[in-house]
Amino acid sequence: MNWPAGEAALVTGAASGIGLGMARALVAAGAKVALADIDGERVAAAVQELTDAGGTVVGVSLDVTDPDQWVAAADKAEAALGPISILCNNAGLSGGKEIDRTTLDVWRWVYRVNVEAQFIGVSVFLPRFKARGGRCHIVNTASMAGIVPMQRVGAYSSAKFASFSFSMILRDELKGTGIGVSVLCPGTVATRIAVNSGEREAELLGQDADSAAIEGNFALTSQGADPDRVGDQVVEAMQKGQFLIITHRDWEPLVTAVHTEIRQAFAECDDRHGPDVSARYLVQGFNPVAE
Ligand SMILES: NC(=O)c1ccc[n+]([C@@H]2O[C@H](COP(=O)([O-])OP(=O)(O)OC[C@H]3O[C@@H](n4cnc5c(N)ncnc54)[C@H](O)[C@@H]3O)[C@@H](O)[C@H]2O)c1
C-alpha cells in the first residue's frame with residue numbers, strides 16, 4: 001500500500017516516546033512530517049535524526065494548549081511541507097494523584113493537555129482537510145486509562161475517557177467524508193512520560209519534583225512496549241482505516257469488567273420511566289420533533 005507516501009503529517013509530542021515513534025514510522029513510510037512539541041531541544045535532535053535518515057521533516061514549536069500557537073504551527077508546517085493530511089494528536093501528560101489529593105489547577109492542566117488540545121488541533125485542521133479534499137486522517141492518542149478507570153490518576157484517566165469518546169464521535173460525524181479517525185489506546189509503553197509529567201506537574205505547583213515517585217513510575221514504564229513499534233502499529237492502522245488501536249491483550253478482562261457492570265445495570269433497570277425519546281431517535285431513527 002502506497003499511502004501515506006508523499007503525504008504531509010503533523011505529530012504532536014513528537015520529540016519523545018510514542019510521538020517520535022509515529023514520526024519515525026511515517027518517515028519510513030515515505031511521509032513528510034512536522035514534529036511539533038513544547039520541548040525545543042528534543043525536537044531539534046529528532047529533526048536532525050530524521051533528516052540524517054533521509055526524511056523530509058520540520059520542527060515546530062507548539063504548546064498544544066494554546067490555540068494561537070496551533071494556527072502558527074499549522075501555517076509553518078504547511079509552508080514547509082505542503083498541505084497537511086495527517087494529524088496525530090499525541091502530546092499528553094499524566095498528572096494528579098487520588099481525587100482528594102488532586103488540585104483544581106492540576107485537574108484543569110491535565111484536561112487541557114490531554115483532551116482540550118485534541119479538540120483545538122481538530123478545530124484547526126478539520127476546515128483545512130475539508131477544503132483540501134482527498135484522503136486525510138486524524139489519530140488521537142488516548143490510553144488504556146481511557147477505557148479502564150484507573151485509580152490514583154483520576155484526572156488523567158477521566159481526561160483519556162473524554163479523548164476516547166471525542167474520537168468516537170468525530171469518527172461518526174466524519175463517516176463518508178474521506179477523513180479517517182483512529183484512537184490509540186496504549187498499555188504501558190517505554191517512554192519518558194513519568195519524567196516529563198512529574199517535572200511539569202511540580203513546575204505547575206511551584207514545588208520540587210517528587211523524584212522517588214518519578215523514578216518508581218519511570219522504572220514501571222521502562223518495562224513497557226517499544227514506542228517505535230507502537231508508531232509502526234499506528235501507521236499500519238491508518239493504512240487499514242482501523243479506528244481502535246490496542247497494544248496489549250492483557251487489559252481485556254478489565255475492559256470486560258467495565259462493560260459487564262454497565263450491562264448488569266441495564267438488566268436491573270425496571271424501565272419505570274417508559275420509552276426515551278433521545279434513545280429512540282438514536283437507536284431507531286425515530287424523530288420525535290417531526291412525528
Ligand atoms: N507511555 C505510556 O505508557 C502511555 C500509555 C498510554 C497512553 N500514553 C499516551 O501517549 C502519548 C505520548 O506519551 P509518551 O508516553 O510518548 O510520553 P513522552 O513524555 O515520552 O512524550 C510526550 C511528549 O509530549 C510533549 N508535550 C507535553 N506537553 C506538551 C504540550 N503542552 N505541548 C506540546 N507538547 C507537549 C512532551 O514534551 C513530550 O515530548 C500521551 O498522550 C500519553 O498520555 C502513554
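**Ligand shell, core and strands of a predicted model**

The ligand is surrounded by 32 residues, of which the closest are Gly-13, Ser-16, Gly-17, Gly-92 and Thr-191, a residue being taken as near a molecule or strand if its C-beta atom, placed from the backbone, lies within 6 Å of it. The model is a predicted one, in which local features need pLDDT of at least 70 and side-chain atom pairs count only at pLDDT 80 or more, whereas totals for chains, interfaces and linings use all residues. Residues are numbered from 1 along each chain as its sequence is written.

Within the shell around the ligand, 12 residues are nonpolar, 15 are polar and 5 are charged; here Ala, Val, Leu, Ile, Met, Phe, Trp, Tyr, Cys and Pro count as nonpolar, Asp, Glu, Lys and Arg as charged, and the others, Gly among them, as polar. At least two residues of this shell come from each of helix 1 (17-28) and helix 6 (193-205), and helix 1 gives the most, with 3 residues. Helices (H or I, at least four residues) and strands (E, at least two) are DSSP runs, numbered from the N terminus.

The chain is divided into domain 1, covering 8-247, and domain 2, covering 253-291, with bounds that come from an automatic or database domain assignment. Between the C-alpha centres of domain 1 and domain 2 the distance is 33 Å.

The largest nonpolar core comprises 73 residues, and those with the most contacts inside it are Ala-9, Ala-23 and Leu-35. Helix 4 (residues 104-132) gives the most to this core, with 9 residues. Such a core is a set of buried Ala, Val, Leu, Ile, Met, Phe, Trp, Tyr and Cys residues joined through C-beta atoms within 7 Å; a residue is buried if 20 or more other C-beta atoms lie within 10 Å of its own, exposed if 12 or fewer, and partly exposed in between, with C-beta atoms placed from the backbone. When neighbours within four places in sequence are left aside, Ala-9 is in contact with Pro-4, Leu-26, Ala-31, Val-33, Ala-34, Ile-84, Ile-86 and Cys-88, contact requiring that the C-beta atoms of two residues, placed from the backbone, lie within 7 Å.

Helix 4 also holds Asn-114, which counts as buried because it has 31 C-beta neighbours inside 10 Å. Although Asn-114 and Ala-159 are 45 residues apart in sequence, their C-alpha atoms are 6.3 Å apart in space. Ala-159 is one of the contacts of Asn-114 beyond four places in sequence, together with Gly-92, Leu-93, Tyr-156, Lys-160 and Ser-163.

Most residues other than glycine have a negative phi, and most peptide bonds are trans. Arg-152, although not a glycine, has a positive phi of about 75°; Arg-152 is placed in the loop between strand 5 and helix 5 (154-173) and is exposed, with 12 other C-beta atoms within 10 Å. Asp-271, likewise not a glycine, has a positive phi of about 60°, lies in the loop between helix 9 (252-268) and helix 10 (277-284), and counts as exposed with 8 C-beta neighbours inside 10 Å.
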